[in-house]
Amino acid sequence: MAFTFFFRDRDTLDLVCELILPKLRGKRYINIWDAGCADGRETYTIAIMLRERMGSFGFRNVRIYATDIDESGDFGDVINKGIYPKDAIKRVDKRIFEKYFLPVSEDLCRVKEEIRKRVRYQRHNLLTYEPIREGFSLIICKNVLLHFKVEERVEVIKMFHKSLADPGFLVMEQTQKLPDEVSDLFTPITRKGQLFQKL
Ligand SMILES: C[S@@+](CC[C@H](N)C(=O)[O-])C[C@H]1O[C@@H](n2cnc3c(N)ncnc32)[C@H](O)[C@@H]1O
């Protein structure tokens, strides 16, 4: 269930940079919740893409709260260390790899501190329907809700709505449609992906 990889759903994350980031310009802090982050490959992908788009100065105002139910109990350690097998980075463009990763051994590499510093991990079960905090500018929850029953999905999305600031945005994977029960809480911001603004 924790299948994940670096730069997964790249098109969706490109849309985040193109359509959502400009709407957050001028905010003192951009708090992001990566809900169901697995072992952090998604979280670090988001961080790297934002750093690329925002530059080092703007990126200092980003905080990404990464959470997962983490049945293995390992994710916190992996994310805090930011160490991954080099094989896992194969899909990453060479320029990005050299800019944001450091070799640790023949087989391992580590996400650089500038990126790691912006990420905090916490174990969290979305089905408690309790947010980890409020005031998020952006919640990214990809390839997670499909594992839930429709009524659970609806309650989780209501919780996301409550924990978003104004403006606040919710992003899901391409195939995860917004259930009708919560369609009055959000408005789509593009037809190219599942990106929504809180109403
Ligand atoms: C298929 S992975 C997706 C990981 C990442 N979001 C991605 O798209 O690559 C699904 C993740 O959801 C997490 N998950 C499943 N049920 C959860 C729950 N109730 N609360 C929080 N995370 C959950 C799993 O532990 C797993 O890491």
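1. Asp9 is placed in the segment before helix 1, where helices (H or I, at least four residues) and strands (E, at least two) are DSSP runs, numbered from the N terminus. The phi angle of Asp9 is near 55 degrees, which is a positive value in a residue other than glycine. Asp9 counts as buried because it has 21 C-beta neighbours inside 10 Å; a residue is called buried if 20 or more other C-beta atoms lie within 10 Å of its own, exposed if 12 or fewer, and partly exposed in between, with C-beta atoms placed from the backbone.

2. Before reading further, please keep in mind that this is a predicted model, in which local features need pLDDT of at least 70 and side-chain atom pairs count only at pLDDT 80 or more, while totals for chains, interfaces and linings use all residues. Residues are numbered from 1 along each chain as its sequence is written.

3. In helix 1, which spans residues 10-20, the buried residues are Leu13, Val16 and Ile20. They lie on the same side of helix 1 because they cover an arc of only 70 degrees around the axis, the arc being that of the directions from the helix axis to the C-beta atoms. Arg10 and Asp11 are exposed, and they sit on the face of helix 1 that is turned away from its buried side.

4. What covers the buried residues of helix 1? The cover includes helix 2 (41-59), strand 7 (136-140), strand 8 (164-172) and strand 10 (194-198).

5. Strand 7 also holds Ile139, which counts as buried because it has 25 C-beta neighbours inside 10 Å. If residues up to four places away in sequence are left out, Ile139 touches Trp33, Ala35, Phe160, Leu164 and Leu170, where contact means that the C-beta atoms of two residues, placed from the backbone, lie within 7 Å. Ile139 and Ala38 are 101 residues apart in sequence, and their C-alpha atoms are 15 Å apart in space.

6. Two further backbone details deserve a careful look. Most residues other than glycine have a negative phi, and most peptide bonds are trans. Asp70, although not a glycine, has a positive phi of about 50 degrees; Asp70 is found in the loop between strand 2 (62-68) and helix 3 (75-81), and it counts as buried because it has 21 C-beta neighbours inside 10 Å. The peptide bond from Asp166 to Pro167 is cis, with omega near 0 degrees, and Pro167 belongs to strand 8.
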